[in-house]
Amino acid sequence: MIVLDTHVLLWWATGATESLSAKAKKAIASERNSGLIVVSSISAWELAMLVARDRVALALDTREWLALVAQIDKVTFMPVDNEIALNSVELPGEFHKDPADRLIVATARKLGVPLVTADEKIRAYPHVLTLW
């Protein structure tokens, strides 16, 4: 099982795999074969915000795009529950204030699985296992 950061989901699902590291590609392929790919539902919000602000363009309406992604075998969206929400506020050590990143990190920590991310700030955070 792995958790995908929002940008990794976007690159992978749109076929922009040249943006992914070799480790990220391998981890995603492995989980598609015999595991589970988890996406925090905060990524749906983050993606919708990026589209609304014209920072990301999708070939489909955001709702349709997310619905198609949710149909990909081995992909599941995980809701932000109370535990994840509270843990995102109480992350150990120093972590930046971006709420989406905090919720995604808290999701990976709750599940005890790696977070696939290119984000250097997240990768430098010692309290979550990351892959890149």
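1. In which sense do S1 and S2 pair, and over how many bridges? Strands S1 (2–4) and S2 (37–40) are parallel, with three bridges between them. Two strands count as paired if DSSP finds at least two bridges between them. Strands (E, at least two residues) and helices (H or I, at least four) are DSSP runs, numbered from the N terminus.

2. The model is predicted: local features need pLDDT of at least 70, side-chain atom pairs count only at pLDDT 80 or more, and totals for chains, interfaces and linings use all residues. Residues are numbered from 1 along each chain as its sequence is written, and side-chain values use heavy atoms, with hydrogens and water left out.

3. The sheet is open and has five strands in the order S3-S2-S1-S4-S5, with parallel pairing. S3 and S5 (130–131) are at the edges and have a single partner strand each, so one side of each lacks a neighbour in the sheet. Helix H1 packs on this sheet and touches S1, S2, S3 and S4 (115–116). The direction of H1 makes about 85° with that of S1; such angles run from 0 to 180 degrees between N-to-C directions, and axes are lines fitted to C-alpha atoms, for helices over the stretch in contact.

4. Look next at S2. Val-39 is the bridge partner of Leu-4, and Val-39 also has Phe-77 in S3 as a bridge partner. Ile-37 in S2 stands opposite Ile-2. S2 and S3 (residues 75–78) run parallel and are joined by four bridges.

5. Is S2 covered on one face or both? Both are covered: Ile-37 and Val-39 are buried on one side, and Val-38 and Ser-40 on the other. Buried means under 20% relative accessible area, exposed over 50%, and partly exposed in between (1.4 Å probe, protein chains only). In a regular strand the side chains alternate between the two faces of the sheet.

6. In helix H3 (residues 42–52), the buried residues include Ile-42, Ser-43, Glu-46 and Leu-47. They cover an arc of only 135° around the axis, which puts them on the same side of H3; the arc is that of the directions from the helix axis to the C-beta atoms. Among the elements covering them are S1, H1 (6–13), S2, H4 (62–70) and H6, where contact means heavy atoms within 4.5 Å. Just after H3, Asp-54 has a positive phi of about 60°.

7. The axes of H5 (residues 82–89) and H6 (residues 99–111) come within 8 Å and cross at roughly 115°. Residues of H5 including Glu-83 and Ile-84 meet residues of H6, among them Arg-102 and Leu-103.
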